[in-house]
Each structure stands twice: as structure tokens, then as C-alpha cells.
Amino acid sequence: MNSWARLALGATTTGAATLAYSAGIERRWWTLRQNTLPVLAEGARPLRVLHISDLHLTPRQHSKQRWVARLAELEPDLVVNTGDNLAHPRAVPAVIAALSPLLHLPGLFVFGSNDYFGPTPKNPASYLVKSSRRSHGEPLPWRDLRAALVERGWQDATHARIDLTAAGIDIAAAGVDDPHLGLDRYDRVAGRRGGAPALRLGLTHSPEPRVLDRFADDGYDLVLAGHTHGGQLRVPGIGALVTNCGIDRSRARGASRWGAHTWLHVSAGLGTSPFAPVRFACPPEATLLTLVPRPSVAAAARATPASAPADVS
């Protein structure tokens, strides 16, 4: 066998092994990430927030349903769901079964494009080129899902300003409909919140800069988002190749600062499209965020570059 043949065989074997791992192992490697963010008002007690996003559930994904249900064992103070729950027209019972042990807890949600429309086959190369064209699949029963979540006690933050208390912490929350579909109408929730909540919390499915800027301008402490799947296919040492939205690749998953005051947390999510069931260097995840008070003015003045928190974690 000449050197070119050996090279071709090696590349083919490596590619096949990578595809088998991405499709058969990592996309079911359910992962809990944990992070601590200094976003609460001074003197507030810590708040544990479970961030779930991008389930993309189909009725037969029983392993994912069981894993999500077990997240209730973490005993979070608040659950936030940032959309894309559905990947099948008969998936609402599966979503409710997965979330059921969490639905007795305070919860907030907004929807994403794959709550409204089913997935469609796409050319993977299309994600590398920005386009305003959208290809929608069949309509999904988002109204049934919304009714079930609201009936169990979670609050729909879509274009709503919500005041709630979790674990004794006063929270001023607001959300928008999916910016990926151009459904966001931030003006409906615009304006700085009155009073003295310990946390001002924003929700959006897709972390589009135009929406993040508005939340930051209104003084929100933390914005939670999903949609990116963390890039879904990441290159070790490089990270995400695409975000499928307007934020830069370094923010495809995890926490980062957005302006001087606001923190952003983007979940890499728990699912994939049924037409692209692969993940590489980006396992499906939910995140337990421990929110703590911001450093006092005196502590901030004493901070050094070595002691200051990293912008991206």
C-alpha cells in the first residue's frame, strides 16, 4: 500500500470513528455543569438556579427524560427553561414527564423556534454562511406545552415582566420571544425595574446582541439563553466554529460579561436536531448556577487582576 493510500485509509478510519463517537456516545453523555456568578444585590443569600435549554425531545428519548427528571435531586431554588423543548409533534407528554419532578418548584420559561416548528433537514454547510432565510418544519403543539407548564405553576416570561420570590430572594424577571425568528418585541418589557430586587433576570432563547444590549441598558444583572448548542461540534483548542446567531464564538456556551454590569449565561443545551444527531467536544448539558452577591464597593476597589473573576468560564 503506497503512502497516499495509507493516508486516505487513515483519514477515512478516523472520520468514521469520530462520527460513531459523536452520534453514538457523546450526544447521550448527559452532563451537569456548575458555575458561580456574582450577580445578586449585596447582602443577599445565595440562590441556586437550574438552567435547562434545547431539549429537542422526541417521544422515544427515554434516557434523556430520566436524566432530566433526576435533576430535581439537586433541589434548585428556581428553574429556568430557555426553549426548544420539542422535536416531534407528539413530544409534549415526554417533555412534561421529564420536567414533572421540577414543576413544583418556581419556574420561568420562554420558547424557541423548535417549540413552534418542527426540525427540517439542512445542509450543514449552511450554518457557515449567514442568511436571513428560514426553513420551517411542521407546526408543533406549543400551546399544549405552554398550557401544561402554566397549569403546573411555571410562569411564561414571553414579553412579560414578572416579580417572584424564590428561596426568599426577590426577583424581577422579563423575557422575549425567540429573536432567531424575529419574534422579539423588547419594547413590551422595556424600562428599568423599580424597587430593590436582589436579582434582575432576563430570558431569551437566542442570545442576539440587539436583545442583550437592551437587557444590559435596562440594568439586568443576568440574562439566560440557549439556542447555540455550544457550537455542537467544537474543535479542541479552537472551540465552537459557529453560534447560529449574532454572538461571537467565544460565548457559544458558558458565562461571560455583557457590558460593565450584566452577566450572560448561554446553555449548550441537551439535544440536537433529529436530522443532525451528533455532538463533538460539546456534551449535552444542563447547568446549576449558584448566584452570589456582587463584591462590595470596598472589595472591588481592592481587587487585582489575579483575584478578579474570569470573564468567560
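In the predicted model, helix 2, which spans residues 62–70, packs against helix 3, formed by residues 92–99, at an angle of about 35 degrees and with the two axes 7 Å apart. On the side of helix 2 the contact is made by Gln65, Val68 and Ala69, while helix 3 contributes Ala94, Ala97, Ala98 and Leu99. By residue class, the contact of helix 2 with helix 3 comprises six nonpolar residues and one polar residue, with no charged residue taking part.

These two helices belong to a chain that contains seven helices and 14 strands. Of the 313 residues in the chain, 50% are buried. Among contacts with a separation of 6 or more, 75% are accounted for by residues 24 or more positions apart.

Asp218 is buried yet has no salt bridge, and the nearest side chain of opposite charge, that of Arg192, is 5.4 Å away; a salt bridge would require a side-chain nitrogen of Lys or Arg within 4 Å of a carboxyl oxygen of Asp or Glu. A polar atom of the Asp218 side chain does, however, lie 3.0 Å from the backbone nitrogen of Gly191. When neighbours within four places in sequence are left aside, the residues in contact with Asp218 are Tyr186, Ala190, Gly191 and Arg192. Arg192 is thus listed among the contacts of Asp218, although Asp218 has no salt bridge.

Key:
Residues numbered from 1 in each chain as written. Predicted model: local features only at pLDDT ≥ 70, side-chain atom pairs only at ≥ 80, totals over all residues. Heavy atoms only, no water. Buried < 20%, exposed > 50% of the residue type's maximum accessible area, 1.4 Å probe, protein only. Lys, Arg positive; Asp, Glu negative; His and termini not counted. Polar contact = N/O pair within 3.5 Å; in protein donor to acceptor, adjacent residues only side chain to side chain. Contact = heavy atoms within 4.5 Å. Axes fitted to C-alpha atoms, helices over the stretch in contact; angles between N-to-C directions. Helix = DSSP H or I, 4+ residues; strand = E, 2+ residues; numbered from the N terminus. Nonpolar A, V, L, I, M, F, W, Y, C, P; charged D, E, K, R; others polar.
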